[in-house]
Amino acid sequence: MTAHAFAWMMLAASVLAEVLGTLALRHADGFSRPLPSMAVVLCYGCAIWWMSISVKHLEMGLTYAVWAGCGTALTALLGIAWYGEGASLLRLSGLACIVVGVVALNLSAR
């Protein structure tokens, strides 16, 4: 496996860890519940660590844009699916714009 491919895998793991941390944050109740609170700290720590590995081999702007964009879009989709947060046309259009932006940044980095 090339360093570039490994960096993309670390970035994907970082996004997933950040999303899981955000889901745990919803259940941490202001950090008053120990297990979800520990999950938040662990997931966010892993997310930053894994992103720091990926940024060694990928452009910093691209790495952060993919991390933030994918994390935001996935978190919003899970909020719609699991927590009944409204799936309005405007919200879904915003998510589509995030995806288009991430793809455009990825293509421009090549």
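**Labels and cut-offs**

Author: At 49% relative accessibility, Phe31 counts as partly exposed. First, the ground rules. This is a predicted model, where local features need pLDDT of at least 70, side-chain atom pairs count only at pLDDT 80 or more, and totals for chains, interfaces and linings use all residues. Residues are numbered from 1 along each chain as its sequence is written, and side-chain values use heavy atoms, without hydrogens and water.

Reader: Why is Phe31 called partly exposed?

Author: Buried means under 20% relative accessible area, exposed means over 50%, and partly exposed is in between (1.4 Å probe, protein chains only). Phe31 has 49%, so the label is partly exposed.

Reader: Why does Asp29 count as exposed?

Author: Asp29 has 53% relative accessibility, so it counts as exposed.

Reader: What makes Ser37 buried?

Author: Its relative accessible area is 9%, therefore Ser37 is buried.

Reader: Where do Asp29 and Phe31 lie?

Author: Asp29 is in the loop between α1 (3-27) and α2 (34-54). Phe31 is in the loop between α1 and α2 too. Ser37 lies in helix α2. Helices are DSSP runs of H or I with at least four residues, strands are runs of E with at least two, and numbering starts from the N terminus.

Reader: What is the phi of Asp29?

Author: Positive, about 50 degrees, although Asp29 is not a glycine. Phe31 is not a glycine either, and its phi is positive at about 60 degrees.

Reader: Which residues does Ser37 contact, leaving aside neighbours within four places in sequence?

Author: Ala28, Phe31 and Ser32. Contact means heavy atoms within 4.5 Å.
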